[in-house]
Amino acid sequence: MNWIGVATLYRREVQRFLAVAAQTVGGPVVSTLLFLAVFGVALGRHAPAPGGVPYLAFIAPGLVIMAIAQNAFANTSSSLLVAKVQGNIVDLLLAPLSPGEFLAGLALGGVTRGLLVGLLTALATALFVPLPLVNPTLGLFYAVGGALVFSLLGVLGGLWAQKMDHQAAVTNFVIAPLTLLSGTFYAVSTLDEPFRSIAYLDPVFYIVDGFRHSITGTSEAPPLVGIIVVLVANVLLGVVCHRLLASGWRLRQ
């Protein structure tokens with residue numbers, strides 16, 4: 001294991017988004033707080049939440065996960081795409097890193113950005129909404145596991161995309177629906193069929209629901225199911241990303 005190489009790539013990924021922290025960290029936190037304000041005012045008195053949880057306390061964990069997911073995806077996908085567009089992907093490919101080491105450095109960078117944005121979002125949200133954090137260990141698992149899922153999805157998106165329009169398409173038609181339709185703003189159990197069953201097929205629902213359970217103590221699905229979904233998703237995505245990187249898919253033109 002080339003620990004120095006992985007650490008160097010990881011530092012590069014972290015320094016890349018910290019160099020424009022106002023855009024990559026501050027912006028998402030403000031956007032999430034605006035979501036909290038708008039939906040809290042518009043739906044706070046009308047939207048049902050399971051377990052008697054106040055609506056703002058219900059949506060706050062989902063907003064934190066949404067911020068983690070979107071920023072973890074954006075970091076890895078943009079890193080690969082920009083490197084390909086600018087032509088310096090060759091420098092990364094020539095580095096003494098195996099596909100697994102290359103993937104580890106990229107994915108950990110995305111996880112770091114996602115968790116940083118999520119932590120700041122949670123701290124800012126806690127100023128307006130009580131977040132008791134019933135099970136910190138479970139919350140950490142879902143935060144890290146969810147960040148890794150979307151970081152790996154970002155690797156897939158960055159490998160597939162050949163221009164900025166491609167990345168925007170993946171963000172708008174894949175990532176945004178997965179996060180916005182995952183029960184972040186509403187209780188999935190209140191939906192009519194077939195929409196309820198469709199929502200249960202969204203793996204992000206289990207991440208949001210599990211993280212919400214760690215904070216409020218209430219959930220719509222068994223936490224164990226969410227743990228299995230997160231673990232299986234990360235293993236499958238990790239294997240796919242590793243094989244694509246090893247084959248040089250869309251990297252060696």
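## A proline in a loop

Let's start with Pro194, which sits in the loop between α7 and α8, the latter spanning 195-200. The peptide bond leading from Glu193 into Pro194 is cis, and its omega is near 5°. Please keep in mind as you explore that this is a predicted model.

## How α3 and α7 pack

Helix α7 covers residues 164-180, and helix α3 covers residues 55-86. The two pack with their axes 11 Å apart, at an angle of about 160°. Angles over 145 degrees count as roughly antiparallel, and α3 and α7 are therefore roughly antiparallel to each other. The crossing in which α3 passes α7 is right-handed.

Which residues meet here? On the α3 side they are Met66, Ala69, Gln70, Phe73, Ala74, Ser77, Ser78, Leu81 and Val82. Their partners in α7 are Met164, Gln167, Val170, Thr171, Ile175, Thr179 and Leu180. Sorted by class, this contact of α3 with α7 holds 10 nonpolar residues and six polar ones, with no charged residues.

## How α1 meets α3

Helix α1, residues 3-18, also packs with α3: their axes come within 11 Å and cross at roughly 105°. An angle of 65 to 115 degrees counts as roughly perpendicular, so α1 is roughly perpendicular to α3.

From α1, the residues Arg12, Glu13, Arg16 and Phe17 take part, meeting Asn75, Ser78 and Ser79 of α3. By class, the contact of α1 with α3 has three charged, three polar and one nonpolar residue.

How many salt bridges does a search of the whole structure find? The search finds one. This salt bridge joins Glu13 to Arg12, and the closest N and O atoms are 2.4 Å apart.

## Two positive phi values

Leu133 lies in the loop between α5 (99-126) and α6 (136-160). Its phi is near 55°, a positive value in a residue other than glycine. With a relative accessible area of 41%, Leu133 is partly exposed.

Arg250 is found in the segment after α10 (223-247). Here phi is near 60°, again positive in a residue other than glycine. Arg250 counts as partly exposed, at 29% relative accessibility.

Terms used
Residues are numbered from 1 along each chain as its sequence is written. This is a predicted model: local features need pLDDT of at least 70, side-chain atom pairs count only at pLDDT 80 or more; totals for chains, interfaces and linings use all residues. Side-chain values use heavy atoms; hydrogens and water are left out. Axes are lines fitted to C-alpha atoms, for helices over the stretch in contact, and angles run from 0 to 180 degrees between N-to-C directions. Helices (H or I, at least four residues) and strands (E, at least two) are DSSP runs, numbered from the N terminus. Angles under 35 degrees count as roughly parallel, over 145 as roughly antiparallel, 65 to 115 as roughly perpendicular and the rest as oblique. A crossing is left-handed if the near helix is turned anticlockwise from the far one by less than a right angle, and right-handed if clockwise. Contact means heavy atoms within 4.5 Å. Ala, Val, Leu, Ile, Met, Phe, Trp, Tyr, Cys and Pro count as nonpolar, Asp, Glu, Lys and Arg as charged, and the others, Gly among them, as polar. A salt bridge is a side-chain nitrogen of Lys or Arg within 4 Å of a carboxyl oxygen of Asp or Glu. Buried means under 20% relative accessible area, exposed over 50%, partly exposed in between (1.4 Å probe, protein chains only).
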